[in-house]
Amino acid sequence: QVQLVESGGGLVQAGGSLRLSCAASGRPFSVYTMGWFRQAPGKEREFVAAINWSGDSTYYADSVKGRFTISRDNAKSTVYLQMNSLKPEDTAVYYCAESAAGFRVRTVVAGDGYEYWGQGTQVTVSS
């Protein structure tokens with residue numbers, strides 16, 4: 001049984017930083033692509049960032065490029081999302097997801113390319 005558990009969300013002022021973590025269990029972590037998505041109230045889920053199995057390839061949504069950094073520690077079966085210069089429009093529930101598909105842009109940005117999802121962690125950025 002694969003489990004993904006996010007943590008690190010919270011309330012922060014605009015311009016602040018947060019680091020989200022997603023701990024995986026249930027199958028070998030180091031072979032899978034990992035992604036972060038978010039969903040704001042009344043909006044569709046959107047892609048945020050993805051990282052390949054080794055950590056040497058990453059891809060970001062334009063809206064977070066230069067502010068967010070995705071990374072992973074395969075020894076700890078954990079993927080991270082460092083979020084800097086946060087804006088009120090970053091407010092959302094953030095989800096991590098795991099994919100067995102190869103690291104291709106079209107695959108990693110599409111939510112249906114991921115087999116497993118976490119329960120989400122709330123990030124609220126006040127103005």
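Which side chain makes a polar contact with the side chain of Glu115? The points below answer this and then turn to other places in the model, which is predicted.

1. Glu115. The partner is Arg27: the side chains of Glu115 and Arg27 make a polar contact of 3.3 Å. Glu115 sits in the loop that runs between α1 (105-108) and β10 (116-117). Its relative accessible area is 40%, so Glu115 counts as partly exposed, a class that lies between the limits of 20% and 50%.

2. Neighbours of Glu115. Leaving aside residues up to four places away in sequence, Glu115 touches Arg27, Glu98, Ser99, Ala100 and Ala101. Take Ala100 from that list: 15 residues separate Ala100 and Glu115 in sequence, while their C-alpha atoms are 7.4 Å apart in space.

3. Arg72. This residue belongs to strand β7. Arg72 is buried but has no salt bridge. The nearest side chain of opposite charge is that of Glu98, at 6.4 Å.

4. Polar partners of Arg72. What does the side chain of Arg72 have within polar contact range? One partner is the side chain of Asn74, in a polar contact of 2.8 Å. Another is the backbone of Tyr32, whose oxygen lies 2.7 Å from a polar atom of the Arg72 side chain.

5. The largest nonpolar core. This core has 33 residues, and the ones that touch the most other members are Trp36, Leu81, Met83 and Tyr94. Two or more residues come from each of β3 (18-25), β4 (33-39), β5 (46-51), β7, β8, β9 and β11 (121-126). Which element gives the most to this core? It is β5, with five residues.

6. Leu81. Not counting residues up to four places away in sequence, the contacts of Leu81 are Leu18, Arg19, Leu20, Trp36, Val48, Ala49, Phe68, Thr69, Ile70 and Tyr94. Trp36 and Tyr94, both in this list, are also among the core residues named in the previous point.

7. Two serines with positive phi. Ser77 is not a glycine, yet its phi is positive, near 50 degrees. Ser77 lies in the loop between β7 (68-73) and β8 (78-83). Ser85 likewise has a positive phi, of about 50 degrees, without being a glycine. Ser85 is placed in the loop between β8 and β9 (92-99). Is Ser85 buried, partly exposed or exposed? With a relative accessible area of 40%, Ser85 is partly exposed.

Conventions
Residues are numbered from 1 along each chain as its sequence is written. This is a predicted model: local features need pLDDT of at least 70, side-chain atom pairs count only at pLDDT 80 or more; totals for chains, interfaces and linings use all residues. Side-chain values use heavy atoms; hydrogens and water are left out. Helices (H or I, at least four residues) and strands (E, at least two) are DSSP runs, numbered from the N terminus. Buried means under 20% relative accessible area, exposed over 50%, partly exposed in between (1.4 Å probe, protein chains only). Contact means heavy atoms within 4.5 Å. A polar contact is a pair of N or O atoms within 3.5 Å; within protein, one must be able to donate a hydrogen and the other to accept it, and residues adjacent in sequence count only if both atoms are side-chain atoms. A nonpolar core is a set of buried Ala, Val, Leu, Ile, Met, Phe, Trp, Tyr and Cys residues joined through side-chain atoms within 4.5 Å. Lys and Arg count as positive and Asp and Glu as negative; His and the chain ends are not counted. A salt bridge is a side-chain nitrogen of Lys or Arg within 4 Å of a carboxyl oxygen of Asp or Glu.
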